[in-house]
Amino acid sequence: MKAVLPLALPLLLLALPAQASSTMRCGSKLVSVDTPSVEVLAKCGEPSSRQALGFRQVVDRYGMINDIAVEEWVYGPQRGGMYYYLRFEGDRLFSVDSKRAN
């Protein structure tokens, strides 16, 4: 048991940055991956821009192929010139990326 702890701790610390990049703060509220787009809109307001990126095919648990809409919302610039790029797939937040303005 004692030998497992030193090995597990670094692995847990590596997982922390991945979780932090999958959330965005909107004032005092947080949105994270898998949040419905309606909830993101309610918490964060209207984005600076929205762009439909197309569709992606997914196979459901019954083997049926479905097309889901893919959309990108941009918020910013915010504090320090940060822009946040939210990717939605099928009306659910799929990823959050941030970049500093030049």
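Reader: How many aromatic pairs does a search of the whole structure find?

Author: The model is predicted. A search of all of it finds one aromatic pair.

Reader: How is a pair of aromatic rings described?

Author: By the distance of the centres and the angle of the planes. Here the rings are those of Trp-73 and Phe-88, with centres 4.3 Å apart. Their planes meet at 45°, so the pair counts as tilted.

Reader: Which strands hold Trp-73 and Phe-88, and are the two residues buried or exposed?

Author: Trp-73 lies in β4 and Phe-88 in β5, so the pair ties together parts 15 residues apart in sequence. Both Trp-73 and Phe-88 are buried.

Reader: Which residues make up the largest nonpolar core?

Author: Eleven residues, Trp-73 and Phe-88 among them. The core also includes Met-24, Cys-26, Val-31, Val-40 and Cys-44. Tyr-75, Leu-86, Leu-93 and Val-96 complete the set. At least two core residues come from each of β1, α2, β4, β5 and β6.

Reader: Now the helix. Which way do residues of an α-helix point?

Author: An α-helix has 3.6 residues a turn, so residues three or four places apart point the same way. Take α2, residues 37-44: its buried residues are Ser-37, Val-40 and Cys-44. They cover an arc of only 55° around the axis, which puts them on the same side of α2. On the other side, Val-38 and Ala-42 are exposed.

Reader: What do the buried residues of α2 pack against?

Author: Four strands: β1, β2, β4 and β5. Val-40 gives the detail. Beyond its neighbours within four places in sequence, Val-40 is in contact with Val-31, Thr-35, Gly-45, Trp-73, Tyr-75, Leu-86 and Phe-88. That list includes both rings of the aromatic pair, Trp-73 and Phe-88.

Reader: What follows α2?

Author: Gly-45, with a positive phi near 85°.

Reader: How do β1 and β2 run, and how many bridges join them?

Author: They run antiparallel, joined by four bridges. Cys-26 stands opposite Lys-29 in β2. The two strands form a hairpin with two residues between them. In the turn, Gly-27 has a positive phi of about 65°.

Reader: Which residues of β1 are on the covered face, and which on the uncovered one?

Author: Met-24 and Cys-26 are on the covered face. Thr-23 and Arg-25 are on the uncovered face. Met-24 and Cys-26 both belong to the largest nonpolar core.

Reader: Which residue lies over the face of Tyr-85?

Author: Lys-99, at 5.6 Å from the ring centre.

Methods
Residues are numbered from 1 along each chain as its sequence is written. This is a predicted model: local features need pLDDT of at least 70, side-chain atom pairs count only at pLDDT 80 or more; totals for chains, interfaces and linings use all residues. Side-chain values use heavy atoms; hydrogens and water are left out. Buried means under 20% relative accessible area, exposed over 50%, partly exposed in between (1.4 Å probe, protein chains only). The arc is that of the directions from the helix axis to the C-beta atoms. Contact means heavy atoms within 4.5 Å. A nonpolar core is a set of buried Ala, Val, Leu, Ile, Met, Phe, Trp, Tyr and Cys residues joined through side-chain atoms within 4.5 Å. Rings of Phe, Tyr and Trp (its six-membered ring) pair if their centres lie within 6.5 Å; planes under 30 degrees apart count as stacked, over 60 as edge-to-face and the rest as tilted. A charge sits over a ring if NZ of Lys or CZ of Arg is within 6 Å of the ring centre and within 35 degrees of the ring normal. Two strands pair if DSSP finds at least two bridges between them.
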